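Subject: Structure handover

Hello,

Here is the structure I said I would pass on. My notes on what was found in it follow below.

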Amino acid sequence: MTDPNRDPERDPALGAALRRAGGEPPFDEVDWAGLRGRIAAGAELPLARLRREPVAAPSPSRARPARVGGWRRVVPVAAAACVGAVALAGTLRFLPGAAADSSAVALPPQEAVLVEEIVSASLPDGFAALLSGEAAADALLEAAVGS
Amino acid sequence: MELLPPPAPVDDDEDAALVERVRRGDAAAFDTLVGRYMRRAFGVAFRLLGQREDAEDLVQESFLAVLQRIDTFQPGRPFAPWFFRILVNRGLNARKARALRATDEIPETAESPWVSPAREAERGELRDHVGRALDALPERQRAVVQLFELEGFSGPEIAEILEISDGTVRWHLHEARKTLRRLLAPFDRRGSA
């Protein structure tokens with residue numbers, strides 16, 4: 001079985017075909033001395049600056065790792081888990097038994113009675129009792145899983 | 001034209017010592033690094049850009065970029081992948097810029113005076129075909145297959161140059177080879193490949 005972590009074998013036929021098609025780089029046509037001279041000329045000023053103010057090697061903490069691995073992979077997952085936990089905690093506040101939302105606006109009495117009548121009329125008897133809070137707490141769970 | 005001898009085998013420890021001297025502005029050390037890598041750099045640049053003049057410019061810009069970024073080079077890591085990352089990124093950007101300006105055609109290479117017109121026409125057809133096939137590959141796949149098959153970089157070196165994982169390099173290589181072999185098959189059967 002091929003080791004998936006081992007470097008793949010080179011394909012001489014494909015390489016040869018690519019070379020024939022693309023041609024070899026024209027090494028013989030390059031003025032190497034001229035190119036080297038142009039590079040050296042362009043490097044004079046930056047090198048002079050470095051002589052005046054040599055730069056230090058970056059500290060390991062500043063350096064960007066070649067690849068993220070090990071415990072660093074866990075950080076994004078942990079962050080997502082924290083966000084999820086906060087969101088869940090916020091949701092739990094609104095479940096029955098949780099503190100009432102103090103920002104809720106109370107309906108005028110006449111409208112509250114009207115809403116209650118409409119809801120009660122449109123729902124099965126047992127369900128209306130659940131919503132009104134008159135039913136026992138575990139009845140809601142039974143209704144959710146049993147019906 | 002002066003011809004350079006083939007470069008000496010890469011020695012990471014020697015490179016590390018040279019880079020440390022370059023940090024202090026040592027021109028001789030910088031010139032040694034240039035001499036060590038310029039031929040291979042030109043080969044990679046030419047395969048990226050397809051034209052000698054553009055490749056020479058890219059090589060020059062990349063070596064000068066080494067000086068601009070020398071403070072980011074991490075001691076203890078090999079110099080070559082870091083340098084070729086600079087060169088390949090610049091080359092890929094140049095290709096994209098050129099593609100935006102005009103149709104990106106693969107230029108003709110120098111014709112050999114000793115090849116018959118028929119053979120040259122056949123070769124030209126193959127060259128155009130493979131050139132189009134290479135151009136049709138996604139940028140990463142093209143870079144991976146060229147760096148691996150033509151420039152002799154290893155998988156881990158390519159991963160460091162392109163800042164992708166080893167597994168991703170192998171996947172790109174597999175996909176690129178699959179596509180190219182399929183497109184080259186008719187030419188193999190004709191015996192012109």
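The secondary structure of chain A consists of six helices and zero strands. Of the 147 residues in chain A, 15% are buried. Please keep in mind that this is a predicted model.

The interface

The area buried between chain A and chain B comes to about 4900 Å². Carbon and sulfur atoms give 63% of that area.

Two kinds of polar link were counted across the interface. There are five salt bridges between chain A and chain B. For polar contacts, the rule finds 11 residue pairs across the interface of chain A and chain B, with both residues at pLDDT 80 or more.

Salt bridges

Side chains of opposite charge can pair when their charged atoms come close. Over all chains, the count by this rule is 20 salt bridges. I looked at three of them in detail.

In one of them, D11(A) pairs with R181(B), and the closest N and O atoms are 2.5 Å apart. This pair crosses between chains: D11(A) lies in the segment before α1 of chain A, and R181(B) lies in helix α8 (residues 166-190) of chain B. Are the two partners buried or partly exposed? D11(A) has a relative accessibility of 14%, so it counts as buried. R181(B) has a relative accessible area of 42% and is therefore partly exposed.

Another salt bridge joins the side chains of R38(A) and E56(B), at 2.9 Å from N to O. Here too the pair crosses between chains, from helix α2 of chain A, where R38(A) sits, to helix α3 (residues 52-68) of chain B, where E56(B) sits. R38(A) is partly exposed, because its relative accessible area is 35%. E56(B) is at 8% relative accessibility and so counts as buried.

Which residues are linked with R38(A) in a network of salt bridges? The network holds E29(A), R52(B), E53(B) and E56(B) along with R38(A).

Aromatic pairs

A pair of aromatic rings is described by the distance of the centres and the angle of the planes. A search of the whole structure finds 15 aromatic pairs over all chains. One of them is formed by F27(A) and W32(A), with 6.4 Å centre to centre and 20° between the planes, and this pair is stacked. F27(A) and W32(A) are both buried.

The pair F83(B) and F84(B) has its ring centres 5.1 Å apart and its planes at 65°. Planes over 60 degrees apart count as edge-to-face, so F83(B) and F84(B) are an edge-to-face pair. Both of these residues are buried. F83(B) and F84(B) also belong to a cluster linked by ring pairs, together with F30(B), Y37(B), F63(B), F73(B), F79(B), W82(B) and F153(B).

One residue in chain B

R140(B) is found in helix α6 (residues 139-150) of chain B. With a relative accessible area of 36%, R140(B) is partly exposed. What does R140(B) contact, leaving aside its neighbours within four places in sequence? The contacts of R140(B) are L162(B), I164(B) and H172(B). R140(B) and L162(B) are 22 residues apart along the chain, and their C-alpha atoms are separated by 8.2 Å.

Regards

Notes
Residues are numbered from 1 along each chain as its sequence is written. Chains are lettered from A and ligands numbered from 1 in the order in which they are written. This is a predicted model: local features need pLDDT of at least 70, side-chain atom pairs count only at pLDDT 80 or more; totals for chains, interfaces and linings use all residues. Side-chain values use heavy atoms; hydrogens and water are left out. Buried area is the accessible area (1.4 Å probe) that two parts lose on being put together, summed over both. A salt bridge is a side-chain nitrogen of Lys or Arg within 4 Å of a carboxyl oxygen of Asp or Glu. A polar contact is a pair of N or O atoms within 3.5 Å; within protein, one must be able to donate a hydrogen and the other to accept it, and residues adjacent in sequence count only if both atoms are side-chain atoms. Rings of Phe, Tyr and Trp (its six-membered ring) pair if their centres lie within 6.5 Å; planes under 30 degrees apart count as stacked, over 60 as edge-to-face and the rest as tilted. Buried means under 20% relative accessible area, exposed over 50%, partly exposed in between (1.4 Å probe, protein chains only). Helices (H or I, at least four residues) and strands (E, at least two) are DSSP runs, numbered from the N terminus. Contact means heavy atoms within 4.5 Å.
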